[in-house]
Amino acid sequence: MCFLSHKDLCFLRQLFHASDGGTIALDWLTSSDISRGAFEVNHTISKEDTTPLVVVIPGLTSDSTSSYIKHLAFGLAKHGWNVVVSNHRGLGGVSITSDCFYNAGWTEDARVVIDYLHHQYPKAPLFAIGTSIGANILVKYLGEDREKVPVAGAVAICSPWDLLVSALSIPKSSY
């Protein structure tokens, strides 16, 4: 697993199994992977690690193979952050393993992944970044759970605030 720049970046994959049988691919890139100039991803984070950890929730049809996600993860890791991309169910090369699929209003996957990361790495400040539909999911989750959210900070990038207007703006195909 080699990387020379964000274009060639490789992640270490962890399959997270939700309680309903769903599978979420968590793709990791640590700050030490980048700082060592390593040519192999070596995800080793201890429970005692205090390096900031950021979970990235991609947009509609995007996953850790998307160029903008790779660029974001590389930049964060290069600046000392540990990064995990939480790929939506059915994306990132992972099959659907339950009768539940992701959508802009489904916050349970973000909730369980963030809770899992918080419990696995309790000393690491936890942050979240959502892009596009991922931003919508993140903001909705933050509003639902409010004070119970274990994140120190969050960023929503290009969130489609009004999904109906956004859907109507998508060009219709003329098949």
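# Reading the helices and rings of a predicted model

Reader: Which residues are buried in H4?

Author: Buried means under 20% relative accessible area; exposed means over 50%, and partly exposed lies in between (1.4 Å probe, protein chains only). In H4, the buried residues are Ile133, Gly134, Ala135, Asn136, Ile137, Leu138, Tyr141 and Asp145. Two notes on the source come next. This is a predicted model, where local features need pLDDT of at least 70 and side-chain atom pairs count only at pLDDT 80 or more, while totals for chains, interfaces and linings use all residues. Residues are numbered from 1 along each chain as its sequence is written, and side-chain values use heavy atoms, with hydrogens and water left out.

Reader: How many helices and strands does the protein chain have?

Author: Helices (H or I, at least four residues) and strands (E, at least two) are DSSP runs, numbered from the N terminus. The protein chain has 5 helices and 6 strands. Their order from the N terminus is β-β-α-β-α-β-α-β-α-β-α. Of its 175 residues, 48% count as buried. Contact means heavy atoms within 4.5 Å. Among contacts with a separation of 6 or more, 72% come from residues 24 or more positions apart.

Reader: What should the 13 residues of helix H4 span?

Author: The expected span is 1.5 Å times one less than the number of residues. For H4 (residues 133-145) that gives 18 Å, and its end C-alpha atoms are 18 Å apart, which agrees. After H4 comes Arg146, with a positive phi near 40°.

Reader: Which residues of H2 are buried?

Author: First the general idea. An α-helix has 3.6 residues a turn, so residues three or four places apart point the same way. Now the case. Ile69, Lys70, Ala73, Phe74, Leu76 and Ala77 are the buried residues of H2. They sit on the same side of H2, because their arc around the axis is only 165°. The arc is taken from the directions from the helix axis to the C-beta atoms. On the other side of H2, Ser67 and Lys78 are exposed. Gly80 follows H2, with a positive phi near 95°.

Reader: At what angle do the axes of H3 and H4 cross?

Author: Two packed helices are described by the angle between their axes and the distance between the axes. Axes are lines fitted to C-alpha atoms, for helices over the stretch in contact, and angles run from 0 to 180 degrees between N-to-C directions. The axes of H3 and H4 cross at roughly 75° and come within 9 Å. Angles under 35 degrees count as roughly parallel, over 145 as roughly antiparallel, 65 to 115 as roughly perpendicular and the rest as oblique. H3 and H4 are therefore roughly perpendicular to each other. H3 makes the contact with Ala110, Arg111, Ile114 and Asp115, and H4 with Ile137, Tyr141, Glu144 and Asp145.

Reader: How many aromatic pairs does the structure hold?

Author: A pair of aromatic rings is described by the distance of the centres and the angle of the planes. Rings of Phe, Tyr and Trp (its six-membered ring) pair if their centres lie within 6.5 Å; planes under 30 degrees apart count as stacked, over 60 as edge-to-face and the rest as tilted. The structure holds 4 aromatic pairs. One of them joins Phe16 and Tyr116: it is tilted, with 5.1 Å centre to centre and 55° between the planes. Phe16 lies in strand S1 (residues 12-17) and Tyr116 in helix H3 (residues 108-120), so the pair ties together parts 100 residues apart in sequence. Phe16 is buried at 12% relative accessible area. Tyr116 is partly exposed at 22%.

Reader: How far apart are the ring centres of Trp81 and Phe127?

Author: The centres are 4.9 Å apart and the planes are at 70°, so this pair is edge-to-face. Trp81 lies in the loop between helix H2 (67-78) and strand S4 (82-86), while Phe127 is in strand S5 (residues 126-131), 46 residues apart. Trp81 is partly exposed, at 24% relative accessibility. Phe127 is partly exposed as well, at 22%.

Reader: Is Gly130 buried or exposed?

Author: Gly130 is buried, at 0% relative accessibility. Its place is strand S5. Beyond its neighbours within four places in sequence, Gly130 contacts Ile57, Ala135, Leu138, Val155, Ala156 and Ile157. Cys158 is exposed, at 66% relative accessibility.
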